[in-house]
Amino acid sequence: MMHQMRAEYGADGEAGGVRLWHMVRGEESVAMCGRELDPAARVREAVDWGKTPELCCHTCGAYFLREAPYLAAEHP
Ligand SMILES: [Zn+2]
């Protein structure tokens, strides 16, 4: 199953920068933690999880570790 990271923005939208990175399945705009994200929000490859200067969603991280243990183990 493919995953990708999707950005959550603050009140200022994309101009305000990424507040938190979530993980979504495929092209979905609803994060694994259940949060609805802007379908137009920036995405990153799942391998960047935990490597961004911005924070990553802890709940998404827990789900992601369970669904993609190999990918996550390679990039803790
Ligand atoms: Zn999340």
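Here are some worked exercises on the predicted model shown above.

In this predicted model, local features need pLDDT of at least 70 and side-chain atom pairs count only at pLDDT 80 or more, while totals for chains, interfaces and linings use all residues. Residues are numbered from 1 along each chain as its sequence is written, and side-chain values use heavy atoms, with hydrogens and water left out.

**Exercise 1. The fold**

Solution: 
- Step 1. Begin with the elements: the protein chain has 2 helices and 3 strands. Helices (H or I, at least four residues) and strands (E, at least two) are DSSP runs, numbered from the N terminus.
- Step 2. Turn to contacts, meaning heavy atoms within 4.5 Å. Taking those between residues at least 6 apart in sequence, 50% join residues at least 24 apart.

**Exercise 2. Strand pairing and burial**

Task: Find the strands that pair with E1, and decide whether E1 is enclosed or open.

Solution: 
- Step 1. Two strands pair if DSSP finds at least two bridges between them. E1 and E2 are antiparallel, with 7 bridges, and E1 and E3 are also antiparallel, with 3 bridges.
- Step 2. Pick out individual bridges: His3 is partnered by Arg25 in E2, and Gln4 by Glu45 in E3.
- Step 3. Check burial, where buried means under 20% relative accessible area, exposed over 50%, and partly exposed in between (1.4 Å probe, protein chains only). In the protein chain, 36% of the 76 residues are buried.
- Step 4. For E1, 7 of the 7 residues are buried, so the strand is largely enclosed by the rest of the structure.
- Step 5. In a regular strand, side chains alternate between the two faces of the sheet. On one side of E1, His3, Met5, Ala7 and Tyr9 are buried, and on the other Gln4, Arg6 and Glu8 are buried, so both faces are covered.
- Step 6. Compare E2: 6 of its 8 residues are buried, so E2 too is largely enclosed. Arg25, which belongs to E2, is partly exposed at 27% relative accessible area.

**Exercise 3. The zinc site**

Task: Identify the protein donors of the zinc ion and the geometry of its site.

Solution: 
- Step 1. Donors are N, O and S atoms within 2.8 Å of the metal (3.2 Å for Na, K and Ca); water is not among the atoms, so sites may look incomplete.
- Step 2. His22 (ND1), Cys33 (SG), Cys57 (SG) and Cys60 (SG) are the protein donors, 2.0 to 2.4 Å from the zinc ion.
- Step 3. The angles among the 4 donor atoms are 100 to 117°, and the site is tetrahedral. Four donors count as tetrahedral if all angles lie between 85 and 135 degrees.
- Step 4. Along the chain, the donor spacing is H-x10-C-x23-C-x2-C. Cys33 sits in the loop between E2 (18-25) and E3 (43-45), and Cys60 in H1 (residues 58-67), so this pair ties together parts 27 residues apart in sequence.
- Step 5. Cys33 is partly exposed, at 29% relative accessible area, whereas Cys60 is buried at 0%.

Key: Tetrahedral: all angles 85-135°; square planar, octahedral: opposite > 155°, others 65-115°.
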